[in-house]
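User: I would like to learn how to read side-chain contacts and backbone features in a structure model. Please take me through them one at a time.

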Amino acid sequence: MALNTLNAISPIDGRYRGKTQALAPYFSEEALIKYRVRVEIEYFIALCELPLPQLQDFDPSKFTALREIYEQFSAEDARAIKTIEKTTNHDVKAVEYFIKEVFDSLGLSEFKEFIHFGLTSQDINNTAVPLSIKEAMNEEYVPLFFKVLNRLKALSQEWALIPMLARTHGQPASPTRLGKEIEVFVVRLQEQFNLLNDIPSAAKFGGATGNYNAHKIAYPGVDWKAFGQKFVQEKLGLHHSFPTTQIEHYDHMAALFDTLKRINTILLDLDRDFWSYVSMDYFKQKIKAGEVGSSAMPHKVNPIDFENSEGNLGIANALFEHLSAKLPVSRLQRDLTDSTVLRNVGVPFAHTLIAFQSTLKGLDKLLLNESKFEQDLENNWPVVAEAIQTILRREGYPNPYEALKGLTRTNEAINQKSIAQFIDTLAVSDAIKKELKNITPSTYTGI
């Protein structure tokens with residue numbers, strides 16, 4: 001069976017392929033192989049630049065041809081490596097053998113034993129994977145994150161002056177403004193993004209148990225730690241973790257996933273709030289010709305985009321949580337569980353991108369129903385009781401809270417007229433009565 005979007009097991013490669021295919025160059029099997037080839041080539045070039053004695057005669061003009069091995073890496077190259085892997089039963093060794101074959105074709109056979117020199121497979125995996133995550137973050141995640149953030153900023157400004165009945169514990173509470181409530185999410189997202197920027201993209205590079213054993217025994221005069229740090233930081237643009245065991249300790253990667261999870265949680269909170277606002281009729285939704293809201297109820301336009309986002313954020317967070325809890329834990333100097341779970345690292349990113357796009361789609365469908373905001377405020381005059389009793393406290397009026405409690409904590413309707421009548425009974429000056437009567441639910445919105 002040829003794989004296509006209709007028979008893919010995962011919806012991220014099936015139903016949602018159009019929303020996730022931008023991640024394929026970073027997290028697919030072909031992408032992982034390409035990143036491994038890239039690290040191997042750059043490592044060989046770094047050994048030439050050191051130079052090791054056996055590589056000091058290597059012609060630097062050949063570096064361009066070497067880099068073309070990964071820069072022009074094709075699906076056919078990936079398939080060739082997978083064919084080699086059938087024999088080696090080792091994915092990184094298959095990459096090494098593939099590059100050696102290319103060296104043969106380039107007339108560089110005398111240098112090919114310095115491919116993967118002194119390394120273990122995790123020196124390649126633990127640089128390739130962080131590099132793919134870093135580049136996926138910069139190229140795909142961050143631009144889409146800012147689309148969401150900037151859309152929310154625009155809405156917070158557009159609706160800055162829309163008074164809105166707040167609800168605490170699901171009950172009417174002191175009024176607020178719609179724009180301010182959206183700004184809450186803007187600031188939360190911005191602060192988490194700032195934390196995200198502080199997390200280094202860390203990589204391990206140090207041989208079979210992290211000590212450069214093979215490197216040092218062959219060339220004891222070389223400062224291999226300094227070489228590894230320079231290679232990882234200057235060639236790959238990653239943070240060099242040292243000391244390590246055979247594998248990266250993944251503490252920084254866990255911090256990254258935890259922060260991505262918090263960003264998702266904030267967005268999930270926003271999805272649920274807007275879902276609620278739609279259900280309260282605060283927003284209508286744009287109608288698209290031909291679309292069906294319900295298979296049975298023709299009148300419905302469901303807030304499915306916020307629901308879709310919420311569901312995908314939940315899946316993403318479950319995986320981010322597992323990755324951040326599992327990866328920093330390894331038996332002794334290494335077990336294979338990190339490699340197993342890291343093969344799924346693109347999955348939570350994919351669900352996150354689906355969610356971001358769904359939230360944006362939901363936000364773009366919203367039509368402000370300003371009359372409903374006004375109606376809810378008009379129907380909830382008791383919310384000005386806080387304002388009245390606070391001014392009475394200012395004026396030294398006896399037991400103002402209790403007086404307002406007696407008025408408002410009943411099952412009888414409270415409206416502008418009954419509030420005004422109550423104010424007239426107060427033993428305060430006419431100026432204070434006028435001040436109190438000027439308070440309305442739509443003006444009592446704070447700063």
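User: How many aromatic pairs does a search of the whole structure find?

Analyst: The model is a predicted one. A search through the whole of it finds 33 aromatic pairs. Take tyrosine 141 and phenylalanine 356: their ring centres are 5.4 Å apart and their planes meet at 50°, so this pair is tilted. The reasoning rests on the cut-offs, because planes under 30 degrees apart count as stacked and those over 60 as edge-to-face, with the rest tilted.

User: Where in the chain do tyrosine 141 and phenylalanine 356 lie?

Analyst: Tyrosine 141 is in helix H7 and phenylalanine 356 is in helix H14.

User: Are tyrosine 141 and phenylalanine 356 buried or exposed?

Analyst: Both residues are buried.

User: What is the geometry of the pair formed by tryptophan 159 and phenylalanine 283?

Analyst: This aromatic pair is also tilted, with 5.2 Å from centre to centre and 45° between the planes. It too links distant parts of the chain, 124 residues apart. Tryptophan 159 sits in the loop between H7 and strand E1 (163–168), while phenylalanine 283 belongs to strand E5 (residues 283–285). Tryptophan 159 has 5% relative accessibility and so counts as buried. Phenylalanine 283 is buried as well, at a relative accessible area of 1%.

User: Which residues form one aromatic cluster?

Analyst: The cluster is made up of Tyr43, Phe114, Phe117, Phe205, Tyr219, Trp224, Phe227 and Phe231.

User: Let us turn to charged contacts. How many salt bridges are there by the count?

Analyst: The general idea is that side chains of opposite charge can pair when their charged atoms come close. In this structure the count comes to 28 salt bridges. In one of them, aspartate 13 is bridged to arginine 17, and their closest N and O atoms are 2.9 Å apart. That distance passes the test because a salt bridge needs the nitrogen within 4 Å of a carboxyl oxygen. Aspartate 13, at 37% relative accessibility, counts as partly exposed. Arginine 17 is partly exposed too, with a relative accessible area of 29%.

User: What is the N to O distance in the salt bridge of aspartate 91 and arginine 343?

Analyst: The distance is 2.6 Å. This bridge links distant parts of the chain, 252 residues apart. Aspartate 91 is in helix H6 (residues 91–105), and arginine 343 is in the loop between helix H13 (337–342) and helix H14 (346–365). Aspartate 91 is buried, at a relative accessible area of 13%, whereas arginine 343 counts as partly exposed at 40% relative accessibility.

User: Which residue forms a salt bridge with aspartate 364?

Analyst: The partner is arginine 151, with 2.8 Å between the closest N and O atoms. Aspartate 364 is partly exposed, with a relative accessible area of 38%. Arginine 151 is likewise partly exposed, at 25%.

User: Which residues do salt bridges that share partners join into one network?

Analyst: The network consists of Glu29, Arg36, Lys82, Glu85, Asp91 and Arg343.

User: Now the backbone. Which residues does a cis peptide bond join, with omega about -15°?

Analyst: As background, most residues other than glycine have a negative phi, and most peptide bonds are trans. Here a cis bond joins leucine 50 to proline 51, with omega about -15°. Proline 51 is located in the loop between helix H3 (29–49) and helix H4 (63–71). A cis peptide bond also joins phenylalanine 242 and proline 243, where omega is about 0°. Proline 243 lies in the loop between strand E4 (239–241) and helix H11 (251–279).

User: What is the phi of histidine 169?

Analyst: Histidine 169 is not a glycine, yet its phi is positive, at about 60°. Histidine 169 lies in the loop between E1 and strand E2 (171–177), and at 81% relative accessibility it counts as exposed.

User: Where is leucine 332 found?

Analyst: Leucine 332 is in the loop between helix H12 (304–326) and H13. Its phi is positive, about 50°, although leucine 332 is not a glycine. With 71% relative accessibility, leucine 332 counts as exposed.

Notes: Residues numbered from 1 in each chain as written. Predicted model: local features only at pLDDT ≥ 70, side-chain atom pairs only at ≥ 80, totals over all residues. Heavy atoms only, no water. Salt bridge = Lys/Arg side-chain N within 4 Å of Asp/Glu carboxyl O. Buried < 20%, exposed > 50% of the residue type's maximum accessible area, 1.4 Å probe, protein only. Helix = DSSP H or I, 4+ residues; strand = E, 2+ residues; numbered from the N terminus. Phe/Tyr/Trp six-rings, centres within 6.5 Å; stacked < 30°, edge-to-face > 60°.
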